[in-house]
Structures are given as C-alpha cells and as structure tokens.
Amino acid sequence: MEEKDNLLDSYIQELRRGTLVLSVLSQLKEEEYGYTLSTKLKDKGLDIEQNTLYPLLRRLEGRNLLESIWKLEEARQRRYYKLSSEGLEMLKMLTDEWSKVVSITDKLLNE
Amino acid sequence: MDLIERYIYAVGQKIWSKNRKDIENELRTILYDNLDEVTKGEEATDQQIKDMLKKFGSPGEVASRYNTTEKHLIGPNVYDLYMLVLKIVLIVTFILTTLGIVTSFVTTSQDANVIGKLLLIIPQYIAALATALGYVTAIFYLVERFGTSEEIKIDSDWSPDKLPKLVSEQDRVKRIGIIINIILIIFALVIFNFYPNQISISYTSGDGWVRFSALSEVALKQYIPLWNIVWVLSLIMNAILLRMGKWSLHTKIFKAFLSIFSIIILAMMIKGPDLLSIESLTAAMLQTGQDMTDVLQMLLTLFKTIYAVVIVLIAVELGMDVYKYVKQKH
C-alpha cells in the first residue's frame, strides 16, 4: 500500500511539475516580489515550496522570460519580477498548448 | 539573526553561479519576510528562526536548486556506458592490485618488513583505483566533449531520409571485443606503471624466496612513457568505438596512427636497451651457481625476435585494413 502511495505521489508531483512554469508565468503580468508571489500562489491553491520557486524565477529570468528589478521597501531591498516581452509571448503559447492538453485529456477521460 | 546570516553563508558556499552575491541578498530579504510572518513584527526567538530555516530546507538542498543542472562532466548519452566500463575497470584493477600484493607477500623473504608492507596495502589500493577512475573519467569526458554520435545529431527536423546508412559487417564494432581490449589495456597500464617489479624471477633457497626483478629499470624508463601514450590513446579510441558502434574513417586513421607508433616503439626496443634486466638475471645465476649465459643470450634474442614478429603482424594488419578500405571504396 505504501508503495502504491509513493507511486501516486511521484505521478502527482510529475503532473504538478509540468504546470509550474505556466502557473508562475501567469501570475507575473504585473510586477511581483518573490515572497508575495509565493503566498499569492499558495492562496490560490498552488502550494509551491519557496526553495523551488525562487530558483525557478532565476532560471526564467536567465532565459529572458522574466525581468527583475531591486526596490527598497520597508528598509529592505526586494527583488521584483515581471514578464518580459518574450515571457508574455511564451505565456500565450503555453496557454494555447495547455488548453489543447486539457481538451484532449478531458476527451480521453470522458470516453 | 546570526543564524540567518550563517544559513545564507552556508547556502552561498555551495552556489557556484556568478550571481552568488545577488542570490544571497535575495535570500536574505525572503528569509526575513518569512520570519516577519511568523513573529508578526515581534522580536524573533532562536527557536522560531530555527523552525523557519528548517522549513525552508537544508543549505545544500537550497543551493542545489540554484545551481544549473544542465552542465555535466559525463552526460546522459554516455552515462550508462561510463558506469558499465567503470565497474569493469575497477573490478579488474582491484583483482590485479590484490594479485600484485599477494605475490609480493608470498615471494618476499621472511625477514622483510611485513608490518611496513601491510601499512602500504591501503594506499596501494587507493592509488590504483583512483588512477583507474581518473583514466576512465578523463576518457569519457573527452568522448562526451568531442565524440558526437549520429543519434545526437538527429534533431527536431529529423526525417527518415536522415537515417544513418547500414554499417557494413566489417565496420561494425563488437562490444565484447572492445570491452576485452579496454580490460587488457588497463591491465598493462596498472602492471607496467605500478607493479613492474612483480614481473620477476623467483626461486626458493634455504632462507625462503629470493626474487629478482626481470625487467630493466633503464628500459622501463625509456619505453613505458611511450607505451603509456599508446595505451591511453587506445583507451580513448576504444571508448569512442564503444559509443559510435562502428568504425569511421577517423577511427580507422586513428588506429593506423597507433599501429605506426607501436611499430616505431617496437623498433626502438629492438635497437635500444634490453627489456630483460641482465644484471638481475646474472645475479640470479650467481646465487644459484648455475651458468646460464647461453640461456640468457637466447632469451634476449627471443625477445627481440618477438618484437620483430609483432611488428610484422601489426604491419600486415595495417596493410589489410588499408586494402579493405580501398576495396570498400571501389
């Protein structure tokens, strides 16, 4: 039973991992600070570990999908992220692809 | 707060990105914001900081997520092969080292420093295994960087027209043969570089075993560096063949170069100092009281004849390879 649960867990993780980039990009149309983005995602039901989110933001920035800027707030330097024009384009393409995946999977599941 | 700085320092120590300082600064604000949420603006206790850091993850785990995962010494394309070859090579090296050590113990006379020898066993194993590991890894690194197989070149605009042509029977590589070659080369590398004195003449006298190294140090110093070049290059060639699965023009030229180089070394061995140690053999004769000058001369001539025969065999094989290639082309 434990083995079955572990297998289920790993498949769920895999499913979630696949949607992570799309979910994060979708929330960065407006400038967002990493920590508030993390809480925002959590409030919306996507509980992503912080030590996964911040490196992901860095990688997306490294691929020019995000832009970032340091801002001084409440005596603290905070790094804000926002979609770049390439990121916006990528978000649109990924959203289209996501819609197709959902539609095909729904069809398969409802057969 | 000292704990947070220690945590950031520990993460930073494991990050190799050029943005390390920037990542540390970002991490700092995030950790303090996390802490603020827990304490609601109150002074944080050590326990609260510890709980927050524990929840965030170990420094190693956090750092690993910042480090890029796309760079590798041995990539996924050759990783399984690397592990297979590495296992074989390490097992063979272990067996050879053990044999070397056992022989050394058995043939050493009783009064030798046994404790001293026992203490040297572990460093001997470490040196031999680390060398084998180093050679295999270095070779696979070179294969990873410079040896591209066709399957990797095939990309998104792949079409059936781009499928590689069927390889002729004579150009196909037999994996087992290549693996045996690799084992033999490693065997030679280990024996001649680490245990040349194990190739010896031993006999029992009333006081126990007496052993004379059969190989001349002068000859070893002259020839082994050259053979090492041949063996290491052969290892590289065999690793490339194992990965490509077929002979290409490049590997054929590479093999021809190695054959010519080997012939040159063998010719040097015919003209140069004898590989057999005349001093050791003479000393052995004196010890046993037997006059074996004729036998010694015969042995020296036999060795040189063997080199000449090997030269002929290599030359014939090289000639046949060239003939086959020319015939295949026409």
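Reader: What makes the sheet of chain A an open one, and in which order do its strands stand?

Author: The model is predicted. In chain A three strands form an open sheet, ordered S1-S3-S2, with antiparallel pairing. Strand S1 (32-33) and S2 of chain A are at the edges and have a single partner strand each, so one side of each lacks a neighbour in the sheet.

Reader: How do you know that S2(A) and S3(A) pair, and in which sense?

Author: Pairing requires at least two bridges between the strands. Strand S2 (residues 66-73) of chain A and S3(A) have eight bridges, in the antiparallel sense, so by that cut-off they count as paired. In this pairing A:Lys71 lies opposite A:Arg78, and A:Trp70 lies opposite A:Arg79.

Reader: Why is A:Trp98 called partly exposed?

Author: A residue is buried with 20 or more other C-beta atoms within 10 Å, and exposed with 12 or fewer. A:Trp98 has 15, a count between those limits, so A:Trp98 is partly exposed. A:Trp98 belongs to helix H4 (residues 85-109) of chain A. A:Trp98 and A:Leu22 are 76 residues apart in sequence, while their C-alpha atoms are 8.6 Å apart in space.

Reader: Which parts of chain A touch chain B?

Author: The contact involves 12 residues of chain A and 12 residues of chain B. On the chain A side, helix H2 (34-43), helix H3 (50-62) and strand S3 (76-83) each supply at least two residues. H3(A) gives the most, with six residues. By class, this side of chain A has three nonpolar, five polar and four charged residues.

Reader: Now chain B. Why are H8(B) and H9(B) called roughly antiparallel?

Author: Helix H8 (residues 175-194) of chain B and helix H9 (residues 217-244) of chain B pack at an angle of about 155°, and their axes are 10 Å apart. An angle over 145 degrees counts as roughly antiparallel, so H8(B) is roughly antiparallel to H9(B). The crossing of H8(B) and H9(B) is left-handed.

Reader: Which residues meet where H8(B) packs on H9(B)?

Author: From H8(B) the contact includes B:Ile178, B:Ile182, B:Ile185, B:Leu189 and B:Phe192. From H9(B) it includes B:Trp227, B:Trp231, B:Ser234, B:Leu235 and B:Leu241. By class, the contact of H8(B) with H9(B) has 12 nonpolar, five polar and one charged residues.

Reader: How do you know that B:Lys255 is partly exposed?

Author: B:Lys255 has 18 inside 10 Å, so B:Lys255 falls in between and counts as partly exposed. B:Lys255 is in helix H10 (residues 249-271) of chain B. The C-alpha atoms of B:Lys255 and B:Ser234 are separated by 8.0 Å, and the two residues are 21 apart along the chain. B:Ser234 is also one of the H9(B) residues that meet H8(B).

Terms used: Residues numbered from 1 in each chain as written. Chains lettered and ligands numbered in written order. Predicted model: local features only at pLDDT ≥ 70, side-chain atom pairs only at ≥ 80, totals over all residues. Axes fitted to C-alpha atoms, helices over the stretch in contact; angles between N-to-C directions. Helix = DSSP H or I, 4+ residues; strand = E, 2+ residues; numbered from the N terminus. Parallel < 35°, antiparallel > 145°, perpendicular 65-115°, else oblique. Left-handed = near helix turned anticlockwise from the far one by under 90°. Contact = placed C-beta atoms within 7 Å. Nonpolar A, V, L, I, M, F, W, Y, C, P; charged D, E, K, R; others polar.
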